[in-house]
Amino acid sequence: MHEKAQIAVASASGATDDGGTWHLTSTAAGHPLPIVATSARTATIGRPGTLLGVLDEVATTTGEADLRPGDVVVLYTDGITDLPPPHGLVTAELVDLVHG
């Protein structure tokens with residue numbers, strides 16, 4: 001009997017209230033990076049990490065952003081970016097879409 005390989009992907013995001021400003025911390029291990037839209041810019045935060053359970057060693061980094069009223073955080077599934085054209089979006093196209 002053959003066992004199917006289990007692949008785990010995970011993201012963890014949290015925000016703390018610093019008295020009017022929220023501080024967002026996010027780590028991605030196989031999921032797309034969060035998009036943060038502020039009045040100054042729209043961009044992903046952090047860097048991609050390795051899939052959990054695929055490699056012997058896991059490498060992740062933490063991205064951080066300060067959020068003010070009116071800022072937007074977009075967390076999304078890789079189903080949006082994994083669809084073939086013309087239906088899927090690459091991350092840069094999604095950032096542009098969020099920026100408006």
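## Elements and overall dimensions

Helices (H or I, at least four residues) and strands (E, at least two) are DSSP runs, numbered from the N terminus. In this predicted model, the protein chain runs β-β-β-β-β-β-α-α from the N terminus on. That gives two helices and six strands. Along the principal axes, the C-alpha atoms fill a box of roughly 55 × 35 × 15 Å.

## The three-stranded sheet

Three strands form an open sheet in the order S4-S3-S6, with antiparallel pairing. Two strands pair if DSSP finds at least two bridges between them. Strand S4 (42-44) and strand S6 (72-74) are the edge strands, each pairing on one side only. Neighbouring strands of this sheet are turned by 20° against each other on average, direction ignored; the axes are lines fitted to C-alpha atoms, and angles run from 0 to 180 degrees between N-to-C directions.

Strand S3 covers residues 35-37 and runs antiparallel to S4, joined by three bridges. Ile 35 stands opposite Thr 44 in S4.

## A negative surface patch

Asp 17, Asp 18, Glu 64 and Asp 66 gather in a patch of negative charge on the surface. Patch residues have over 30% relative accessible area (Shrake-Rupley method, 1.4 Å probe) and no salt bridge, with like charges joined within 9 Å. A salt bridge is a side-chain nitrogen of Lys or Arg within 4 Å of a carboxyl oxygen of Asp or Glu. Asp 18 lies in the loop between strand S1 (10-17) and strand S2 (22-29).

## Basis of the values

Residues are numbered from 1 along each chain as its sequence is written, and side-chain values use heavy atoms, without hydrogens and water. Local features need pLDDT of at least 70, side-chain atom pairs count only at pLDDT 80 or more, and totals for chains, interfaces and linings use all residues.

Methods
Patches are made of residues with over 30% relative accessible area and no salt bridge: like charges are joined within 9 Å, nonpolar side chains (Val, Leu, Ile, Met, Phe, Trp, Tyr) within 5 Å. Lys and Arg count as positive and Asp and Glu as negative; His and the chain ends are not counted. The place of a charge is taken as NZ of Lys, CZ of Arg, CG of Asp or CD of Glu.
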